[in-house]
Amino acid sequence: TARTPGQAEFHQAVSEVVSSVWPVLERKPVYAGMRVLERMTEPERVISFRVPWIDDRGEIQVNRGYRVEMNSAIGPYKGGLRFRADVDLSTLKFLAFEQTLKNALTTLPLGGGKGGSDFDPKGRSDGEVMRFCQAFMSELYRHIGGRTDVPAGDIGVGAREIGFLFGQYKRLANEFAGVLTGKGPAWGGSFIRPEATGYGVVYFAEQMLKTRDESIYRKGCLISGSGNVAQYAAENVIRLGGRVLTMSDSSGFVHDPDGIDEEKLAWLIELKEVRRGRISEYAEHFGCAFHAGQRPWAVKDAQVALPCASQNELTEQEAKTLLANGVHVVAEGANMPCEPGAVRQFIEAGILFGPGKAANAGGVAVSGLEMVQNATFSTWAREQVDDRLLGIMVDIHHSCVRAAAEYGAPGNYVAGANIAGFEKVASAMLAQGVV
Ligand code: NDP
């Protein structure tokens with residue numbers, strides 16, 4: 001912490017991993033001897049740049065852009081771009097570090113990175129978002145490439161932003177390259193990429209439930225968020241016969257005791273993606289309760305919780321409430337949504353807890369499949385991609401279970417994911433010498 005003062009989120013992410021991989025370092029002293037952990041927690045490269053652009057009133061705005069190129073031991077840097085007012089280096093380093101281990105779990109050759117800006121697209125016109133994206137890419141384009149660094153979306157960066165970013169990249173580089181993932185299916189994108197993270201979270205929860213001869217069918221699910229991950233987590237819960245009781249945004253949550261079905265979800269997706277409205281409108285439209293400024297974790301009648309909004313959105317106290325209300329499956333759709341005290345509660349209670357770097361790896365996995373399609377100039381059918389996604393989530397679940405058991409923590413998916421991801425990256429770093 002002395003070398004990186006003030007980076008609380010980054011310290012939180014690293015200390016969780018360090019406590020999990022301690023038994024690995026003890027059993028395999030070569031990793032400590034070669035200072036693999038110190039190297040892994042120092043980004044290979046951090047790029048920070050000015051993003052000046054002109055708003056609708058003709059005034060100049062100045063934002064800050066970043067790309068953290070964390071680790072390329074097993075493949076090109078890969079990870080999303082986040083546009084939100086609170087984006088800083090601590091957040092991006094935590095995300096890039098998590099991403100490195102997550103990408104290692106996907107079975108695909110992907111390194112780790114993350115980037116973004118303190119620009120918030122909320123409340124901005126399409127024209128402003130486009131001019132910002134063009135200004136952002138005017139610098140970023142020289143640092144990325146299909147074999148170097150391949151960004152994608154994250155909070156505040158959806159299909160619209162990826163389109164504007166890709167358009168500007170193409171204009172500057174004069175090539176149609178697979179340099180961003182999450183593109184539209186008509187212009188190099190993969191089917192199922194928009195759905196992949198949310199679908200994958202639910203596939204992962206299903207795999208965990210299977211170890212106890214259970215399934216999501218008929219279970220009540222609390223979902224936070226109503227963005228990309230939350231929308232498709234909800235869709236997959238519905239596909240598998242579960243009941244979605246809540247969804248939220250940064251203004252509060254809606255509680256629909258009848259369940260958010262396919263039709264209501266389609267309405268909600270249109271509200272969020274096309275009209276860019278607030279979740280309270282759902283409550284008004286369908287006549288259910290809206291709880292302003294609150295999170296959904298105290299709602300009863302649920303067995304499953306899927307936090308899909310943002311980091312540190314589920315506290316230790318909220319974890320206790322969930323447990324007291326009978327929730328026994330938690331899968332993280334967001335990155336690090338559960339505070340460390342909450343994770344401790346879940347593990348001590350022995351419930352099924354899937355950490356983000358395993359449970360939400362489906363998005364980056366399908367991004368990897370988008371890269372394969374781009375490199376081979378091909379397009380795979382929806383069903384083919386969905387099958388591959390399910391297969392990858394099953395493999396990730398298996399790797400977590402195996403690594404946890406091997407190091408004396410059976411059933412602990414946090415230990416399993418951290419150890420399996422760490423060992424893959426660490427062994428590649430050792431093989432490549434002191435770099
Ligand atoms: P979106 O921007 O599409 O959606 C984010 C959602 O979370 C919105 O509903 C937003 O509400 C809500 N939200 C954001 N910040 C807060 C907050 N502080 N408190 C409460 N609600 C909040 O992002 P994504 O769905 O893409 O990402 C969600 C999470 O999933 C992030 O942690 C991201 O890193 C992670 N993730 C995303 C992947 C992807 O493929 N997209 C892959 C793996 C992880 P509002 O509309 O009011 O802002």
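What pLDDT does the chain average, and what percentage of the residues score at least 70? In this predicted model, the chain averages a pLDDT of 97, and 100% of the residues score at least 70. The scores for the model are ipTM 0.98 and pTM 0.96.

**View 1. The shell around the ligand.** The ligand is surrounded by 24 residues, and the closest of them are Gly227, Asp249, Ser250, Ala334 and Gly363. Sorted by class, the residues of this shell comprise 15 polar, six nonpolar and three charged. Helix α8, which covers residues 228-239, gives the most to the shell, contributing three residues.

**View 2. Helix α7 against helix α8.** Helix α7, covering residues 193-210, packs with α8 at an angle of about 55 degrees, and their axes are 7 Å apart. On the α7 side the contact is formed by Pro194, Glu195, Thr197, Gly198, Tyr199, Val201 and Val202, which meet Asn228, Val229, Ala230, Gln231, Tyr232, Ala233, Glu235, Asn236 and Val237 on the α8 side. Of the residues in this contact of α7 with α8, nine are nonpolar, five are polar and two are charged.

**View 3. Helix α8 against helix α9.** Here α8 packs with helix α9, residues 262-273, at an angle of about 170 degrees, with the two axes 10 Å apart. Angles over 145 degrees count as roughly antiparallel, and α8 and α9 are therefore roughly antiparallel to each other. From α8 the contact draws on Gln231, Ala234, Glu235 and Ile238, while from α9 it draws on Glu262, Leu265 and Ile269. The classes represented in this contact of α8 with α9 are four nonpolar residues, one polar residue and two charged residues.

**View 4. Helix α1 against helix α4.** Helix α1, residues 8-27, and helix α4, residues 89-105, pack at an angle of about 25 degrees, and their axes lie 6 Å apart. Since angles under 35 degrees count as roughly parallel, α1 is roughly parallel to α4. The α1 residues that make the contact are Ala8, Glu9, Phe10, Gln12, Ala13, Val14 and Val17, and those of α4 are Ser90, Thr91, Lys93, Phe94, Phe97, Glu98 and Leu101. In the contact of α1 with α4, eight residues are nonpolar, three are polar and three are charged.

Key:
Residues numbered from 1 in each chain as written. Predicted model: local features only at pLDDT ≥ 70, side-chain atom pairs only at ≥ 80, totals over all residues. Near = placed C-beta within 6 Å. Helix = DSSP H or I, 4+ residues; strand = E, 2+ residues; numbered from the N terminus. Nonpolar A, V, L, I, M, F, W, Y, C, P; charged D, E, K, R; others polar. Axes fitted to C-alpha atoms, helices over the stretch in contact; angles between N-to-C directions. Contact = placed C-beta atoms within 7 Å. pLDDT = per-residue confidence, 0-100. Parallel < 35°, antiparallel > 145°, perpendicular 65-115°, else oblique.
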